[in-house]
Every structure is written in structure tokens, then in C-alpha cells.
Amino acid sequence: EFAMQVLAQSFESDPHPIVRVNLKNTALFEEKRVEVSVVLEGADGNAYAAARTYLENFAPGAERSISFAWPTSGYPRPARIDILYRRVLE
């Protein structure tokens, strides 16, 4: 069964916006390819930034650290950070 756990997440705004995420594969099997997305939301509930990446060959019980960055400045601190993940089928 597909199972991931977000162990930690953080947001930094200087010198540019970056979200760091630590994920753990809590499943009993290796995940060949996992799509991970992040969505930043303001206090009004509207999304103002998003990004996506892929993790390959994610072993059971393994932890991975990933970062999402935007080449701009001036993003406000998000009221909410959503981390979304899904198995990519071949």
C-alpha cells in the first residue's frame, strides 16, 4: 500500500522563497516514482505559488529531503503549506 509521511517542513524567504520537506516512505515496498508537489496559500485561502518534483526508487523506511525554490523575492510567509504526493504508475 502506498504510504508517505511528512516528517518536517519549513519555509524561508531570504534570499528567495524556499520550502524544505522531509518525507519518509512508510510503505513496505519501494516506490519506483513519486510525484511531490507543494502549494503555498495565503491567509485568504488562495494559492499563490506551487512547485513539483519527482522522487525515484524510494526505498521502504527511507527518508528523503527535498527543496522547492522560486526565483523571485517578496513572497509573503504562507498561512498554509500543502504537501501533496502520489505514486506515478508506469
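Modeller: Start with how the chain folds back on itself. Take contacts in the chain between residues at least 6 apart in sequence: 63% of them join residues at least 24 apart. Keep in mind that this is a predicted model. The chain has six strands and zero helices. From the N terminus on, its elements read β-β-β-β-β-β. Along its principal axes, the C-alpha trace spans about 40 × 25 × 25 Å. Of the 90 residues, 32% count as buried. The chain exposes about 5500 Å², and carbon and sulfur atoms supply 47% of that area. It carries 10 positive and 12 negative charges, whose mean positions are 3 Å apart.

Now the rings. How many aromatic pairs does the structure hold? It holds three. Take Phe 2 and Tyr 85: their ring centres are 6.2 Å apart. Their planes meet at 55°, so this pair is tilted. The label follows from the cut-offs, because planes under 30 degrees apart count as stacked, those over 60 as edge-to-face and the rest as tilted. What does the pair connect? Phe 2 lies in the segment before strand S1 (4–12), while Tyr 85 lies in strand S6 (residues 80–87). The pair therefore ties together parts that are 83 residues apart in sequence.

Phe 2 has a relative accessible area of 24% and is partly exposed. Tyr 85 is partly exposed too, at 31% relative accessibility. The reason is the cut-offs: buried means under 20%, exposed over 50%, and partly exposed in between.

Next come Tyr 48 and Tyr 75. Their ring centres are 5.6 Å apart and their planes stand at 80°, so this pair is edge-to-face. Tyr 48 lies in strand S4, and Tyr 75 in the loop between strand S5 (63–69) and S6. The parts tied together here are 27 residues apart in sequence. Tyr 48 is partly exposed, at 25% relative accessibility. Tyr 75 is partly exposed as well, with a relative accessible area of 23%. Which residues do ring pairs link into a cluster? They are Tyr 48, Trp 70 and Tyr 75.

Leaving aside neighbours within four places in sequence, Ala 50 is in contact with Trp 70, Val 38 and Val 39. Its C-alpha lies 9.6 Å from that of Ala 69, which is 19 residues away in sequence.

What does strand S4 pair with? Strand S4 (residues 47–58) runs antiparallel to strand S3 (residues 31–41), and ten bridges join them. Across this pairing, Ser 37 stands opposite Arg 52 in S4. The S3–S4 hairpin has five residues between the strands. In that hairpin, Gly 45 takes a positive phi near 90°. S4 also holds Asn 57. Asn 57 is not a glycine, yet it has a positive phi of about 50°. Asn 57 counts as partly exposed, at 45% relative accessibility.

Now go back to Tyr 85. Which residues touch Val 6, apart from neighbours within four places in sequence? Tyr 85 is one of them, and the others are Val 21, Asn 22, Leu 23 and Ile 83. Val 6 sits in strand S1. Lys 32 is 26 residues from Val 6 in sequence, and their C-alpha atoms are 18 Å apart.

Where is Pro 15 found? It is in the loop between S1 and strand S2 (18–25). The peptide bond from Asp 14 to Pro 15 is cis, with omega near 10°.

Back to the rings to finish. The tilted pair joins Phe 2 to Tyr 85.

Technical notes
Residues numbered from 1 in each chain as written. Predicted model: local features only at pLDDT ≥ 70, side-chain atom pairs only at ≥ 80, totals over all residues. Heavy atoms only, no water. Helix = DSSP H or I, 4+ residues; strand = E, 2+ residues; numbered from the N terminus. Buried < 20%, exposed > 50% of the residue type's maximum accessible area, 1.4 Å probe, protein only. Contact = heavy atoms within 4.5 Å. Areas by Shrake-Rupley, 256 points an atom, 1.4 Å probe, with all protein chains shown as cover. Lys, Arg positive; Asp, Glu negative; His and termini not counted. Charge placed at Lys NZ, Arg CZ, Asp CG, Glu CD. Pairing = 2+ DSSP bridges. Phe/Tyr/Trp six-rings, centres within 6.5 Å; stacked < 30°, edge-to-face > 60°.
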